[in-house]
Structures are given as C-alpha cells and as structure tokens.
Amino acid sequence: MERSRWLYVALTAVSFGLGTLGGCVVTSPPYYYGYGPTEGPPPPPHEVIGVPPVAGYIWIDGFWDWDGDRYAWRPGRWEAPRPGYRWVPHRWDREGTHWQRHGGRWEHDH
C-alpha cells in the first residue's frame with residue numbers, strides 16, 4: 001500500500017511539473033555577430049537629469065538596447081563614483097551588415 005501511495009505522489013508531481021512547462025517564457029537568443037540589428041539605433045530621447053541623490057554622484061546616460069527584434073530605451077541613472085575608475089558609455093558600432101553594442105562599464109583609469 002505504501003509503495004502505491006509513493007507512486008501516486010511521484011506521478012502527480014511529474015504531471016504537475018510537465019503541466020507547468022506551458023507557462024515557460026521563450027525569449028530570443030542573444031544576438032551575436034551577424035544576428036544583431038541591421039539598422040543603427042535611433043537618436044537618444046531627451047532625458048531629464050535632475051539633481052543627484054547624493055553629492056558627488058555621476059550621471060550615467062541612458063542607451064538603446066536590442067531586445068531581439070526592436071530597440072528598447074534603457075534610462076540613465078545616478079551612480080556613486082568609483083575611485084580609480086572612469087565610466088565608458090554605451091556605444092553602437094557597425095560590424096559588417098549588423099550593429100553591435102559595446103561599453104557601459106567601469107574601466108580602470110590609468
């Protein structure tokens with residue numbers, strides 16, 4: 001009797017797990033060379049920068065990102081400076097017939 005109860009619980013768990021796969025989200029694969037956008041990003045929108053939340057913070061500009069089938073704007077933000085580092089902004093470069101996003105990182109300031 002105990003064995004059949006265990007089997008029932010196991011089969012229920014498996015069927016529940018398989019049933020929930022229908023709710024999985026399928027996303028586009030990350031773009032690699034040759035699979036990115038074929039047109040460059042649009043001009044950046046006007047961002048209202050305002051005042052920093054803490055004195056000394058620096059503004060990191062927003063940028064256009066690629067969502068697999070369209071550009072999506074990622075707004076700018078305030079960040080604390082990192083001593084000995086400088087911010088390298090995002091940029092888009094044409095590589096062959098497609099565009100590739102680079103940057104958006106803190107780089108050691110030599």
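Guide: Happy to, and keep in mind as we go that this is a predicted model. Let's start with Arg 77, a partly exposed residue at 33% relative accessibility. Arg 77 makes a salt bridge with Glu 79, and their closest N and O atoms sit 2.9 Å apart. What about the cover around Glu 79, buried or exposed? Glu 79 has a relative accessible area of 15%, and the cut-off for buried is under 20%, so Glu 79 counts as buried.

Now hop over to Arg 74 and Asp 67, whose side chains meet in a salt bridge at 2.8 Å, N to O. Arg 74 is partly exposed, with 29% relative accessible area, and Asp 67 is partly exposed too, at 32%.

Next comes the pair Arg 105 and Glu 107, joined by a salt bridge of 3.0 Å from N to O. Arg 105 has a relative accessible area of 37%, which makes it partly exposed, while Glu 107 counts as partly exposed at 25%. Some bridges also link up through shared partners: Asp 65, Asp 67, Arg 70, Arg 74 and Arg 101 are joined into one network that way.

As for the general idea, side chains of opposite charge can pair when their charged atoms come close.

Terms used. Residues numbered from 1 in each chain as written. Predicted model: local features only at pLDDT ≥ 70, side-chain atom pairs only at ≥ 80, totals over all residues. Heavy atoms only, no water. Salt bridge = Lys/Arg side-chain N within 4 Å of Asp/Glu carboxyl O. Buried < 20%, exposed > 50% of the residue type's maximum accessible area, 1.4 Å probe, protein only.
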